[in-house]
Amino acid sequence: KRYAFSARIDLRNRQKAIMGLADTAITLPTLPILLNGGFETWGGADPDSWTSAITGTGAFAKETVIIHGGLNSVKLTKTNAGAGTAQVLSAQIAIDASLRGFSIGVYAWVKSDVVGNHIVVANDGVAGSVAKQTDNVGGSTWQQEYIRWTIGSTATYITITAKIISDVGVAETTYVDDVALEPSLSAGALGSCFAEFDSDLF
């Protein structure tokens with residue numbers, strides 16, 4: 001026989017049952033802060049709170065003309081015509097253990113001249129976890145990209161990365177701006193509160 005339940009309530013009693021969340025409260029942890037997601041401040045070659053790493057042919061630079069918001073964006077270029085990864089620009093954010101198991105989102109605005117590049121990647125550093133990434137749609141207008149994933153059970157940080165990963169045999173240019181964490185979290189691991197039950201249960 002199948003039974004229904006909600007948190008802390010077993011409905012096997014045919015006489016009476018109260019459905020609902022009993023003595024259950026979910027406190028969402030504080031969302032971490034991504035600094036300088038709009039690439040507005042640059043203290044040197046890199047935008048503040050971001051770190052660059054060269055993993056292939058290409059470069060990045062502060063862009064002051066092609067922008068989505070504010071005064072600046074970041075321009076990524078892949079200068080060779082072969083497959084590979086261009087300049088990588090990453091921001092690493094420490095997180096509290098209370099964030100583990102919660103679902104978190106990352107938004108970014110992207111303008112690219114080639115369809116299908118992986119532009120924004122997120123990872124929480126947990127061994128065996130797969131980085132979540134987006135494929136831009138290309139074109140002459142800014143497009144909003146979005147990633148959402150559940151933070152791993154042992155994660156201590158999340159990393160947001162802007163880069164070009166492409167199998168397209170052409171040089172490419174991409175602009176990224178206004179990267180931000182989603183302003184809310186969800187308890188992705190909690191799942192559904194109710195199970196299926198027979199119609200003659202009561």
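**Entry 1: strand pairing.** I worked from a predicted model. I began with S5 and S13, which run antiparallel and are joined by 5 bridges. Across this pairing I found threonine 77 opposite threonine 173 in S13. I then turned to S8. S8 also pairs with S13 in the antiparallel sense, over 6 bridges. Here valine 106 stands opposite leucine 181 in S13.

**Entry 2: burial of S13.** I checked how much of S13 is enclosed. Of its 10 residues, 7 are buried, so S13 is largely enclosed by the rest of the structure.

**Entry 3: the core.** I looked up the largest nonpolar core and found 33 residues in it. Val176 and Val179 have the most contacts inside this core. Seven strands are listed as giving two or more residues to it: S5 (73–78), S7 (88–94), S8 (103–112), S9 (118–123), S11 (143–150), S12 (157–166) and S13 (172–181). In soluble globular proteins, nonpolar side chains tend to be buried together.

**Entry 4: valine 179.** Which residues does valine 179 touch, leaving out those up to four places away in sequence? I listed Leu34, Gly37, Phe39, Trp50, Val106, Tyr107, Ala108 and Ile160. Val106 is the residue I had already noted opposite leucine 181.

**Entry 5: lysine 111.** I went back to S8 for lysine 111, which lies in that strand. Is lysine 111 buried or exposed? Its relative accessible area is 18%. The cut-off for buried is under 20%, so lysine 111 counts as buried. Beyond four places in sequence, lysine 111 touches Ile66, Gly139, Ser140, Thr141, Trp142, Thr173, Thr174 and Tyr175. Thr173 is the residue I had noted opposite threonine 77.

Key. Residues are numbered from 1 along each chain as its sequence is written. This is a predicted model: local features need pLDDT of at least 70, side-chain atom pairs count only at pLDDT 80 or more; totals for chains, interfaces and linings use all residues. Side-chain values use heavy atoms; hydrogens and water are left out. A nonpolar core is a set of buried Ala, Val, Leu, Ile, Met, Phe, Trp, Tyr and Cys residues joined through side-chain atoms within 4.5 Å. Buried means under 20% relative accessible area, exposed over 50%, partly exposed in between (1.4 Å probe, protein chains only). Helices (H or I, at least four residues) and strands (E, at least two) are DSSP runs, numbered from the N terminus. Contact means heavy atoms within 4.5 Å. Two strands pair if DSSP finds at least two bridges between them.
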